[in-house]
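Please find below a colleague's note, written for a reader new to protein structures.

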Amino acid sequence: DIDEVIVRGDTMSPDPFLAKLDGILKQSSSNVVDAQTQFTNKSIFRDMLKSMPAAFLRNKREMRFFTSVDSEIDYRDSLAERATVVGDKFLEQDEPVAYSGVPIMDVPLFPENLGAGNNATNILLTDPKNVNIGIWRNIRVETDKLVSEGVLIIVATLRFDVKFAEETAAVKAINVKVGA
């Protein structure tokens with residue numbers, strides 16, 4: 001549950017669970033690229049890299065493009081359409097995908113129902129070390145058991161938050177089309 005709030009949290013959400021705090025997709029607001037309902041393609045990745053302030057591109061190989069599962073599949077499929085050995089590699093194997101040396105990571109919790117047509121997602125470019133998650137040290141663990149059913153119930157309760165170490169070191173692409 002923590003990872004869902006970290007990614008999709010939004011204090012304006014009608015879902016009380018996601019409204020607990022603003023996650024990384026909501027917090028990333030300084031550098032935004034509008035994909036204008038294009039499917040995931042190299043132009044979006046290029047524009048994101050160009051939108052990243054130059055000071056943060058020194059460690060480009062440490063960065064990652066994070067996106068939804070379908071978005072990564074769309075980009076992988078576009079590479080597989082190339083009539084070359086590289087195209088065959090992405091069609092036949094589960095090779096890691098990258099753009100300009102920056103790996104593209106699919107994150108199952110990234111939403112795929114954004115935008116007017118409920119068929120858009122986001123792409124986030126940042127160094128994973130730029131995302132800081134803090135957990136308050138007072139973690140409460142409670143247990144109970146249902147003897148007749150042979151079930152042990154364990155509930156852990158904790159407080160946490162997520163923040164970028166440097167929010168301007170993140171670029172978000174919006175309105176990235178996914179689906180058929």
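1. The model is predicted, so local features need pLDDT of at least 70, side-chain atom pairs count only at pLDDT 80 or more, and totals for chains, interfaces and linings use all residues. Residues are numbered from 1 along each chain as its sequence is written, and side-chain values use heavy atoms, with hydrogens and water left out.

2. A nonpolar core is a set of buried Ala, Val, Leu, Ile, Met, Phe, Trp, Tyr and Cys residues joined through side-chain atoms within 4.5 Å; buried means under 20% relative accessible area, exposed over 50%, and partly exposed in between (1.4 Å probe, protein chains only). The largest such core has 20 residues, of which Met48, Phe65, Ile123 and Leu125 touch the most other members. Among the elements that each supply at least two of its residues are H3, H4 and E5; helices (H or I, at least four residues) and strands (E, at least two) are DSSP runs, numbered from the N terminus. H3 gives the largest share, four residues.

3. A second, separate core of 14 residues includes Val7, Leu124, Val131 and Phe164.

4. Arg46 belongs to helix H3 (residues 42-51). Arg46 is partly exposed, its relative accessible area being 35%. The C-alpha atoms of Arg46 and Ser100 are 8.4 Å apart, although 54 residues separate the two along the chain.

5. Strands E7 (residues 140-146) and E8 (residues 151-157) run antiparallel and are joined by seven bridges. Lys145 has Leu152 of E8 as its bridge partner.

Note on methods: Pairing = 2+ DSSP bridges.
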